[in-house]
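I am opening a notebook page for this chain, and I want to work from the whole down to single residues. Each entry notes what I looked up and what I found.

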Amino acid sequence: MARTALIYRPMKLTVFCAALLSIAASATGQIQVDLKLPRFQFIAYEPLVVTIGITNLAGRDVDLHDISGQPWFGFEVTGQDGELIGELKTAPIQPPLKIETGKRVTQKIDVTSLFAVHDFGAYHVRAHIYFADLNKFFYSQAKVFEVTDARPIWQRTVGVPEGMGGSGDVRSYSLLTNRFPDHTSLYVRVEDKDHGIVYATYSLGHIIVLEDPHAELDRANQLHVLFCAAPRAWAYDRIGLNGEHLSHATFMETKSRPRLVRAEDGQVKIAGGFLEAPLNPETRNAAPKLSERPPKVPGQN
């Protein structure tokens, strides 16, 4: 299965597009578009990563490309009252894509980096492909997802140290939990409440709710979190002032439980337990990129 990057560009709403919608309804499936969500419920500002699949059923190679200002690929996102949700930014021009006959390409795309879907409620999303050779649109099925918020269990506001970008500003770290049908997840959120900016919200993993997570701040005001992820297994994560997931490791209980210790010099270390598995955070709970994600984090509305 081929994997090809898709760079989102919003659908241009013109009279030309409106006329094509009626044509698209009678399309016979020369191009199949499918969209999958990993689950139904998401936390506000959490990455909402969908999987897009495009299958060439035309019986010949197809070239997908923009024409007359009409992008060949895009999303439509609507709120629970049917209102169209506007995109957060205009992405770079989508390069043409050639798909050989019978082939399928896929890509994972973070919808929350492109659309303002942070308010609580239900949303619908579908992807569309415009095939210029046939003058037709092809649509995926619409999928429904819900945006909600998690339960806050810990919060601390700190300043950005001198010598760092944003020096003098403040950041608020929050730990939150959300209960799913089969597990409870621990989330971290980093935001600048004064400027209405949410830098990151993501899951640190499953948590055993009978054990409260431990949190400490080091001398650089980075957040260290230690929590029980499974029986006798503790997850340790370090988070930066702009929401960066700096490190992750797993500690196993031995004669004593692992715990966070803040030294007099401000360094935070783990005491007790046995280090089992350090892990690069880029390979864990990281949102797959849409070729290039937006360089700036959108403001909270």
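I began with burial, and I found that buried residues make up 45% of the 301 residues in the chain. Here buried means under 20% relative accessible area, exposed means over 50%, and partly exposed lies in between, with a 1.4 Å probe and protein chains only. I must keep in mind that this is a predicted model, in which local features need pLDDT of at least 70 and side-chain atom pairs count only at pLDDT 80 or more, while totals for chains, interfaces and linings use all residues. I also note that residues are numbered from 1 along each chain as its sequence is written, and that side-chain values use heavy atoms, with hydrogens and water left out.

Next I looked up the surface, and the chain exposes about 15,100 Å², of which carbon and sulfur atoms supply 51%; the area comes from the Shrake-Rupley method with a 1.4 Å probe. For contacts (heavy atoms within 4.5 Å), I read that residues 24 or more positions apart account for 62% of those with a separation of 6 or more.

I then turned to the secondary structure, where the chain has 1 helix and 22 strands. These are DSSP runs numbered from the N terminus, helices being H or I with at least four residues and strands being E with at least two.

Which order do the strands of the open sheet of 4 strands take? I found β12-β13-β14-β15, with antiparallel pairing, where two strands pair if DSSP finds at least two bridges between them. β12 (151-159) and β15 (197-206) stand at the edges with a single partner strand each, so one side of each is left without a neighbour in the sheet. Strand β14 (residues 184-192) is joined to β15 by 8 bridges, and I traced Ser185 to its bridge partner His206 in β15.

My next entry concerns strand β9 (residues 121-131), in which 8 of the 11 residues are buried. I followed its antiparallel partners in turn: strand β6 (residues 73-79) joins β9 through 7 bridges, with Glu76 and Arg126 as bridge partners. β11 pairs with β9 over 5 bridges, and there Gly121 stands opposite Val147. Strand β10 (residues 136-139) joins β9 through 4 bridges, and His128 has Tyr139 as its bridge partner. In the hairpin of β9 and β10, with 4 residues between the strands, Asn135 takes a positive phi near 55 degrees.

Finally I looked up aromatic pairs, and the structure holds 8. Rings of Phe, Tyr and Trp (its six-membered ring) pair if their centres lie within 6.5 Å, and planes under 30 degrees apart count as stacked, over 60 as edge-to-face and the rest as tilted. Phe42 and Phe145 have ring centres 6.3 Å apart and planes at 90 degrees, so the pair is edge-to-face. Phe42 lies in strand β3 (residues 41-43) and Phe145 in strand β11 (residues 143-148), 103 residues apart, and both are buried.

How are the rings of Tyr236 and Phe251 placed? Their centres lie 6.3 Å apart with planes at 75 degrees, so this pair is edge-to-face. Tyr236 belongs to strand β18 (residues 233-239) and Phe251 to strand β19 (residues 245-252), so the pair ties together parts that are 15 residues apart in sequence. Tyr236 counts as buried at 11% relative accessibility, and Phe251 counts as buried at 11%.
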